[in-house]
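Here are my notes on this model, as numbered points. Please read them with the coordinates open.

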Amino acid sequence: MDGGPGAPASPPDATSPDAGPYQGYVYAYPHKTAYRPLDPRPPLAEVWAGEPVDRLFLYLHIPFCEMRCGFCNLFTRTGAPAELVDAYLGALERQAGAVRDALNAPRFVAAAIGGGTPTYLDAAELTRMFDLTERVMGADLRAVPMAVETSPATATADRLAVLAERGTTRISIGVQSFVDAEARAAVRPQRRQEVETALGRIREAGFETLNLDLIYGIDGQTEASWRYSLDAALAWKPEEIYLYPLYVRPLTGLGRRARDWDDHRLTLYRQGRDHLLAAGYEQISMRMFRLPGRSSPAEYSCQSDGMVGLGCGARSYTSHLHYSHEYAVGAGQVRAIIDDYVRLAPGEFAVANVGFRLDEEERRRRHLIQSLLQADGLDHAAYRARFGAGVEAHFGEELERLTAGGLLERDAPPPGGEGARPGRLRLTAEGLARSDAIGPALFSGRVRALMARYEGR
Ligand code: SF4
């Protein structure tokens, strides 16, 4: 699920009442569209030299889906034939071997398999994927938290049995809407019955955490139908729920005028947030809600570095370089990129192709953005310990603007919580609602320019 980067060339003023609240979903900083070909391509052994490799996050990317959702801009292709899946798993194995050799005995403490739709693979293909990850990468997947994404049509009993048996602790399913007409409008033509059956199978398989994704802002969606979907989701008591604003503007109804659609999405966001808080969920970020007492160790921890990505569209992070195999996200290029990827020789996987080098300023900015966009906010002491000075010394002007606009406060309790929490800087409830404007407003000029050039291609 992705709302796209959407960074304008000049910084939007997130505090202005005229600024649209939906500029772009900042799920990682910098965004992949700021990556560029690395010349020369550095060997991975060099990239990882001096980096801690004993607490890494492993991410596997499976870029296949049964159909393309109308709101999707992820790196994925539909209708891949079995031969392509077979070749892809072969390439994944060669890549895993090259990466393991370069990292010198990496140790993984969490894993995630995303896409695309990993369960596009059938049970035997999933088994092969887990086998190669354990055997070649040396990852002990049953001993660490592991998240896997699925879809209603592919969450079959035999696939779920493989996932459960191989140690999956968190399963995430994109439902989007429990109203069939809305699912159709979002070009995700699944039936309520199919969704309910899949959820039943997931609960039967006994995963520790069920995450369910819903979307608001769909053409024809009303406060009543949104409430209906929220209640249908709550009936399964999912440990986590993500509420995503739709980013593809409907051409009819409220979508006709951007401002009306923004207002509509904000109304539905507030309604959804309040409904989940009243049902006992905690707000973790603008999109994420979780039952108390749960944590999500199978999610990449936002401020830390040390992520190893395997697969065609996966990113890897060290403290100084974020890199991936390719940086295209446009649907038209995806097929060609996957076709190239499956033909690569082992040596080709031993270098970083495209990426973004982070200097000290970008590392600080990454920490600031990824902390502030969490409801728990930024811990002053942790920032000072990492960067040697207070966050105000580096970002005083930006923080002042957000505070003056009523979007940021110091030492405030978390949303829905009570009591001051000294030493933290966090977005107000209104600030969290405007996360998708505040994140892009904090991008550096360099990242903004790179993204703008990419968008303009
Ligand atoms: S299932 Fe996810 S990755 Fe696949 S097309 Fe839909 S939104 Fe995109």
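1. Helix α7 (residues 223-234) packs on helix α8 (residues 258-278) at an angle of about 35°, with the axes 10 Å apart. Helices here are DSSP runs of H or I, at least four residues long, strands are E runs of at least two, and both are numbered from the N terminus. Axes are lines fitted to C-alpha atoms, for helices over the stretch in contact, and angles run from 0 to 180 degrees between N-to-C directions. The α7/α8 crossing is right-handed.

2. Contact requires C-beta atoms, placed from the backbone, within 7 Å. By class, the α7/α8 contact holds 3 nonpolar, 4 polar and 2 charged residues. Nonpolar covers Ala, Val, Leu, Ile, Met, Phe, Trp, Tyr, Cys and Pro; charged covers Asp, Glu, Lys and Arg; the others, Gly among them, are polar.

3. A word on provenance. This is a predicted model: local features need pLDDT of at least 70, side-chain atom pairs count only at pLDDT 80 or more, and totals for chains, interfaces and linings use all residues. Residue numbers run from 1 along each chain as its sequence is written.

4. Next, α2 and α3. The axes of helix α2 (residues 82-103) and helix α3 (residues 123-137) come within 9 Å and cross at roughly 10°. The two helices are therefore roughly parallel to each other. The angle bands are under 35 degrees for roughly parallel, over 145 for roughly antiparallel, 65 to 115 for roughly perpendicular, and oblique for the rest. α2 passes α3 in a right-handed crossing. From α2 the contact takes V85, L89, L92, E93, A96, G97 and R100; from α3 it takes E125, R128, M129, L132, T133, V136 and M137. That contact of α2 with α3 comprises 8 nonpolar, 2 polar and 4 charged residues.

5. α3 also packs on helix α4 (residues 157-165), at an angle of about 15° and with the axes 9 Å apart. So α3 and α4 are roughly parallel to each other. Their crossing is right-handed. A123, L126 and T127 of α3 meet D158, R159, V162 and L163 of α4. The classes in the contact of α3 with α4 are 4 nonpolar, 1 polar and 2 charged.

6. Check the ligand shell. It has 12 surrounding residues, and the closest are C65, C69, C72, L74 and T76. A residue counts as near if its C-beta atom, placed from the backbone, lies within 6 Å of the molecule or strand in question. The shell divides into 5 nonpolar, 6 polar and 1 charged.

7. Two cis peptide bonds deserve a look. One joins Y29 and P30, with omega about -5°. P30 sits in the segment before β1 (36-37). Another joins G115 and G116, with omega about 15°. G116 lies in the loop between β5 (108-115) and α3.

8. Positive phi values outside glycine come next. A105 has phi near 55° and lies in the loop between α2 and β5. A105 counts as exposed because it has 8 C-beta neighbours inside 10 Å. The bands, with C-beta atoms placed from the backbone, are 20 or more other C-beta atoms within 10 Å for buried, 12 or fewer for exposed, and partly exposed in between. Q176, in strand β7 (residues 170-176), has phi near 75°. Q176 is buried, with 28 other C-beta atoms within 10 Å.

9. Finally, two arginines. R357 belongs to strand β15 (residues 354-357) and is exposed, with 12 other C-beta atoms within 10 Å. R357 touches H320 and L321, leaving aside residues up to four places away in sequence. R384 is in helix α11 (residues 380-387) and is partly exposed, with 14 other C-beta atoms within 10 Å.

Methods:
A crossing is left-handed if the near helix is turned anticlockwise from the far one by less than a right angle, and right-handed if clockwise.
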